[in-house]
Each structure stands twice: as C-alpha cells, then as structure tokens.
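Good morning, everyone. I have two stops to show you, plus a word on confidence. Please bring up the view.

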Amino acid sequence: MTKGYVAFVLHAHLPYVRHPEQDNYLEERWLFEAISETYIPLIASFNLLLKENIDFRVTMSLTPPLLSMLTDPLLQERYIRYLEKLIELSDKEIERTKYQPEFHSLAVMYRNKYSQDLSTFRDQYSCNLVTAFKEIQETGKLEIIACAATHGYLPLMEVCPQSIRAQISVGVKSYERYLGCKPRGIWLPECGYIPAVEEALKEYGIEYIITESHGILYANPRPVFGTYLPIVSPNGIVAFGRDIESSRQVWSASEGYPGDFDYREFYRDIGFDLDYNYMKEYISSDGKPIHTGIKYYRISGKTDDKQPYNPDWAKSKAEIHAGNFMFNRENQIQYLHDKLGKPPIIVCPYDAELFGHWWYEGPYWLYSLFKKIHYDQQVFKLITLSEFIDAYPVMQVSTPCSSSWGHKGYNEVWLNPTNDWIYKHLHKSSERMVELANENTEAEGLTRDALNQAARELLLAQSSDWAFIIRSGTMVQYAEKRTKDHIGRFTRLYHDIKEKSIDEGWLRDIEYKDNIFPELDYKAYCST
Amino acid sequence: MSEVHTHHVYNLPYSYSDNRIVLVAKDPYWLYAYWEMSEERKNIFFEEFGQRLWEKSIPVIKVTNVSNNSSFYIRINDFTNNWYIQVPDPESLYVAELGRQVTDQFFIHLFSSNYVSTPSSSVSSNTGAYFINYKDLRHGRLDINTGEIYESYNYKSQSTLISGISSPELMHFNLQQSAFGISSAELFGINFAEQLGISSLNFLW
C-alpha cells in the first residue's frame with residue numbers, strides 16, 4: 001500500500017547570455033556546458049526510463065531565458081561549434097594519452113560522449129531541446145512549470161507591483177508560447193515569496209508555488225502538517241514546502257552524496273592541467289585557462305593527490321546512493337504516515353544544473369533512483385505536484401511566510417552592501433516603465449517598438465542573477481556591465497520616448513542584441 | 001547631475017532628482033532604506049526654516065512600527081543616501097520618514113517612505129486550523145472565507161511532527177538549529193559560480 005509520495009522538482013535556469021556582437025564570448029559557455037552536462041543527460045535518463053517502462057514522475061521548471069536560449073538559432077549554431085571543438089580536442093587527447101591507459105579510456109569516453117551529444121542535439125532534436133522536454137511532458141511523467149520572465153527576484157519589487165505582474169505575465173506567456181499549454185505551477189525565482197505575488201499568480205491562472213521550508217513552517221495560521229502537506233492561501237494559491245531532511249541528504253557538505261571520493265572531481269580539468277601551447281585553441285582567447293569539460297580525476301579524498309576517474313566505480317556508487325536515498329524516504333514516509341494518519345508528500349527541489357554539471361553522476365543517480373523506486377519498494381510513489389493537488393484536494397488554509405531559499409532564508413543574498421546600489425535604478429526604471437505604458441496606451445510603429453524594447457531592457461536588468469553574481473565576488477564585472485547596459489539602454493529609451501526623438505538605428509541595434517521575448521507587449525506594465 | 005548616456009558605455013544616473021525615501025525588508029530584523037533629495041527641496045526648507053536651522057539640525061530617519069505604534073530615530077549624515085536599519089519586530093509593518101532633528105522633542109519631517117512588512121522569524125502562534133477542498137475553491141463552488149471546515153486539529157502533537165526526522169543519519173538533527181534557506185549548492189560551501197557562472201543558483205556559501 002502506498003503510504004506517501006516524493007516529488008522531485010528540478011529548477012532549470014540560466015541567465016540570458018547571448019552576444020551576437022562577438023564570437024567566443026566566455027559567458028555563453030555557461031549554456032553550452034549546461035546542455036552537455038545537465039540537459040542532454042537528463043533528457044537521456046528520462047527517455048531511457050520511458051523506454052524501460054519505468055513509472056516515474058518529475059516536476060521541472062524551464063525558465064523563459066533558458067527556453068529562449070535553447071531555441072535561439074545563433075546559440076544553437078554556436079553550441080555545435082563548441083561540440084566540434086571538444087570532439088577535436090578529445091581526438092587529440094586520445095592520441096596524447098595512448099600510452100596512459102587510465103586516461104586513454106577516459107579520452108575515448110569524452111570523444112564518444114560529445115559525438116553522441118552532437119547527434120542527439122543536431123540529428124535527433126533538430127537543435128531544439130525544448131522539443132525533447134515537451135515530448136516527455138506529453139507522456140505525463142514530467143510536469144513542466146513556469147517561472148518569472150527573467151528570473152527577477154520578486155520580494156524586492158514590492159514597491160512596484162506592476163513589475164511583479166509583468167514578470168509573471170511575461171513568464172506565463174513565454175511558457176505558453178514554447179510549450180503550447182498552460183502552466184499549473186510556477187517556480188518563484190530563488191523561491192522568493194511575499195504575499196504580494198499572489199494577486200498576479202491568480203490573475204494568470206497559476207495554481208501552485210514551492211517555498212523554502214520556513215515559508216510553510218512559519219505560515220499563518222500554523223500549518224498542522226508542517227511541510228508534509230501543501231497549504232492553500234486565502235487567495236487560493238497552493239504552496240508546497242521544501243523538505244529539509246532530503247535536501248540535506250543529497251547536498252550536505254558533510255553527509256551529502258556528491259562529495260563521495262569515487263565521483264568525478266570538478267576542479268581538475270585539462271584546461272588548467274595541460275600546457276598552454278597544446279591547449280591554446282581550446283581556452284579563452286586571452287590565454288586564460290578555462291574548464292573544458294574534460295576531467296580525468298576522481299575526488300579521491302581530502303588530498304591534492306587525485307586518482308584517475310573510474311566510471312564503473314562512480315556508477316556503482318551512484319546506485320548505492322540511490323538505494324540509500326530510497327531507504328531513507330521509505331523510513332521517513334512510513335513514520336510520517338503513521339504520525340499524520342494520511343499520506344505525506346516529500347518535496348525535493350534542486351537546481352537542475354547541479355545534476356551533471358557539478359555532480360557529474362547526478363543524472364545517472366536520478367535514473368537509478370527512479371528505477372529502484374519503481375521496482376524495489378512499495379512504501380511510496382513518485383508524483384508531480386499537480387497530481388498531488390488533484391488526488392488530495394483537502395488543504396489547510398494558511399498564508400506562507402515571506403522567504404527565499406538563499407542563505408539565511410530571506411532577501412540578504414540579493415540585498416547587501418555589495419549589490420544594494422542596483423535597487424534605486426531598478427525601482428526607478430520600473431516606475432518609469434509604468435509611466436510610459438500609461439501615457440502610450442495605443443502606440444504604433446517606432447514608438448511601440450521602443451516601448452517594447454524598454455520593457456525588454458527592464459526585464460533583463462531585473463534578473464536575480466546579476467545581484468547574485470555581484471555578491472559572489474567572481475565574474476562581478478560582467479554582472480555589473482549587464483546591469484548598467486540594460487538600465488542604461490532603458491534610461492535612454494525612456495528619454496527618447498518622452499521627447500519623441502527615437503534613434504531608429506540605435507533601437508534596431510539593441511533589439512538585435514537583446515532579442516528576448518519577440519512577442520512582448522509593453523502594455524503588461526499598464527496600471528490603468 | 002544629468003542622466004548621461006553614450007552609445008557603448010552606459011553610466012548609471014547618479015540622481016533622478018527625486019525627493020523620496022524607499023524602504024525594503026532584508027529579513028525579519030533588518031530594513032534597508034535609500035533616498036534622494038533635490039536641491040529644490042533643500043531650498044524650500046531654507047525658505048521655511050532658514051539655512052541656519054538646517055545646519056544646526058541633524059539628519060535622521062524616523063522609523064515607525066505601524067503595527068504597534070512605536071518609533072525610534074536613527075542619526076544619519078548628509079553624505080550618505082542609504083542605510084541598513086535594525087528593527088526589533090518581525091511580522092510588523094514599518095514606515096520610515098526622512099527628516100531633521102533639531103532637539104530631542106523637535107523633528108522636522110521631509111518625506112515618508114512606502115510601508116513594508118518584516119517577515120516572520122518563527123512558528124505562528126495562530127493555531128486556528130481550517131481546511132477546505134481546493135477543488136471546490138477552484139471551480140468557484142466555495143468562498144474561502146465561508147468554506148466548510150473539514151477537520152479541526154489538535155496542535156499538541158505538532159511539535160513532534162515538525163521534528164519528525166526518521167532517517168538514521170539525521171536522527172539528532174534539530175530543526176530549530178538548522179539554517180533555513182540554503183539552496184542546494186550552498187550546502188557545499190563551494191564557490192561554484194567561479195568556473196561555471198551558473199549564477200542564479202546560489203552557489204556561494
């Protein structure tokens with residue numbers, strides 16, 4: 001008998017990075033690395049499970065910037081070039097390592113992997129991986145949920161509710177455009193929740209959100225079942241809370257799985273290890289070493305003396321860890337079922353990119369876990385969040401607590417002395433966008449294009465990624481540049497529109513550079 | 001300063017020539033305020049009260065907890081335009097006023113901020129459990145304010161439930177001590193963004 005449910009929620013997001021003005025833009029590699037290490041391996045895992053008739057369920061968000069980049073012809077073409085370079089490099093590596101059997105087999109593994117990626121990407125999916133996710137969603141095993149337009153951090157937009165509304169409306173419309181149906185749930189960027197987001201969620205037909213654990217535990221009134229059952233707010237928005245125990249088991253620095261000594265070591269990459277002259281065509285154009293993706297070592301232990309990676313050991317460790325995760329969920333659910341007198345739901349949200357990109361064996365762990373859950377136990381089932389709502393609609397009425405999943409649980413990651421200077425500009429630009437929209441309700445031609453571009457620039461400036469990177473202390477220059485570019489372009493458009501002196505040449509140039517949301521309608525910002 | 005732009009390098013406007021103070025909540029115990037004041041507004045003050053009073057007074061932010069009607073003042077200076085404000089009460093509505101303090105009793109108000117709520121930092125004391133059928137709500141058959149009560153609940157068992165950890169590795173895990181709000185990668189304590197720049201992911205400790 002089923003005693004309860006586990007819901008995996010994978011949040012797939014990358015900031016919108018696309019620079020048609022320059023080749024080999026380093027930050028564009030974020031997308032390419034994530035495609036090869038996370039998205040293609042996840043698609044392959046899900047497809048294999050489908051082929052093997054394994055009854056699995058997973059909920060996933062694909063954010064609008066990611067959907068836009070995955071369907072962008074320029075980035076698709078550049079990803080193919082990225083793969084071709086890697087195939088060339090792994091061929092060179094096969095030759096270089098011919099007398100080092102422990103590395104040679106790995107070089108062959110990488111050559112095969114990148115060749116397979118190329119065939120999956122170009123031949124199987126005609127360069128469009130959104131099709132792959134869409135097809136899996138159609139089987140009912142995967143539920144894709146929406147996200148805010150550019151992953152804007154909503155709790156810090158409260159002073160301009162129109163910006164919250166526009167982030168939600170553009171996000172939902174973007175989902176409909178790429179996935180051809182309506183989303184039932186939404187991933188609030190960074191799990192950033194404040195009660196003020198609910199009005200827009202309701203307006204755009206969103207039924208549920210996911211919050212950090214204390215978003216539910218500190219909800220008002222006090223939720224009887226903690227994070228183990230969803231609550232519904234007086235506005236009718238259902239909120240699921242993140243399970244603390246399962247998050248820790250996967251990700252804890254001390255007891256988490258990905259730090260196991262048999263798993264692939266992220267930090268040892270031939271981009272750093274090999275000679276400049278040999279590597280110069282495959283690293284940054286200014287000669288700086290970069291992660292190529294070809295990594296030959298396992299974590300080995302708390303030592304710099306790393307041992308060669310053994311894929312078979314890593315795979316069997318992933319299977320052991322999948323078994324351990326399943327065993328712990330069985331215990332947890334058995335216990336909770338007895339305590340609650342009803343089936344609990346354990347909600348396990350993770351960044352999708354951690355599977356594969358950071359934890360190389362992560363997609364295989366998921367595959368192996370889902371297979372074990374299907375065959376080896378009867379205590380719980382996997383479920384999507386929509387299925388749970390439909391099966392267990394009786395819920396406690398309660399309003400979640402304002403919260404996020406960032407460090408310390410509230411807004412500090414995105415609001416601290418390193419990045420607080422951006423909010424004056426973001427807030428002012430939001431107000432100006434509302435002013436422009438209200439003053440130009442029937443704009444046509446060039447003015448309409450300028451208004452739409454102003455909305456695009458504002459949305460891009462609002463990505464939570466910039467504040468995050470600025471706080472992180474690395475790649476700060478890029479994030480600051482993006483913030484300044486988008487606010488700068490917005491501000492110039494604002495004045496040009498107000499003064500009725502739009503520079504068409506310049507407008508077309510920034511439309512070409514910042515081309516996200518081709519169907520964007522600036523009226524999303526009208527407040528009247 | 002005017003709002004300057006060039007074609008390739010954008011400089012953010014130094015000022016928007018506004019007279020305003022904006023308040024946001026950082027967490028249950030901290031607010032952040034930023035403000036701007038134009039020379040015109042300052043001149044109006046000079047006309048009303050004289051330049052001497054401006055010079056003799058101290059710039060302050062008056063912070064009011066509207067929920068319990070209590071206020072305090074923070075001395076700032078004329079050379080800053082933002083401040084982190086420690087506040088005593090989570091789950092309270094706050095407003096800030098920028099002004100000049102002349103004496104302990106005499107505060108001259110310049111302008112007020114928006115209202116902002118601090119989040120809660122603990123389990124709610126409100127134990128009025130009330131359940132509805134979401135399907136009825138969804139299909140418009142139920143008004144949430146007058147809905148049928150499906151279950152009433154005894155909260156006595158709740159403390160054991162929330163800390164109902166059953167996995168052997170975490171048996172000694174104390175919920176109250178756990179740091180909430182750690183996104184997946186943060187638990188590693190690693191600087192992940194460095195190499196990959198997958199920035200939205202909270203890769204930093």
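In what order do the three strands of the open sheet in chain B stand? The order is β1-β2-β5. The pairing is antiparallel. Keep in mind that this is a predicted model.

Look at the edges. β1 (20-27) and β5 (82-86) of chain B stand there, each with a single partner strand, so one side of each has no neighbour in the sheet. From one strand to the next, the twist averages 25 degrees.

Now one pairing in detail. β1(B) runs antiparallel to β2(B), residues 30-36, and seven bridges join them. Take B:L23 as an example. Its bridge partner in β2(B) is B:A33.

How far can we trust chain B? The average pLDDT is 77. At least 70 is reached by 64% of the residues. Two stretches need care. Residues 1-7 of chain B fall below 50, with 16 contacts in the model beyond near neighbours in sequence. Residues 187-205 of chain B are also below 50, and that stretch has 81 such contacts.

Over to chain A, and helix α13. This helix covers residues 362-376, 15 residues in total. From first C-alpha to last, α13(A) reaches 20 Å, close to the expected 21 Å.

Which residues of α13(A) are buried? Among them are A:W365, A:L366, A:L369, A:F370 and A:I373.

Methods:
Residues are numbered from 1 along each chain as its sequence is written. Chains are lettered from A and ligands numbered from 1 in the order in which they are written. This is a predicted model: local features need pLDDT of at least 70, side-chain atom pairs count only at pLDDT 80 or more; totals for chains, interfaces and linings use all residues. Side-chain values use heavy atoms; hydrogens and water are left out. Two strands pair if DSSP finds at least two bridges between them. Helices (H or I, at least four residues) and strands (E, at least two) are DSSP runs, numbered from the N terminus. Axes are lines fitted to C-alpha atoms, for helices over the stretch in contact, and angles run from 0 to 180 degrees between N-to-C directions. pLDDT is the predictor's confidence in each residue, from 0 to 100. Contact means heavy atoms within 4.5 Å. The expected span of a helix is 1.5 Å times one less than its number of residues. Buried means under 20% relative accessible area, exposed over 50%, partly exposed in between (1.4 Å probe, protein chains only).
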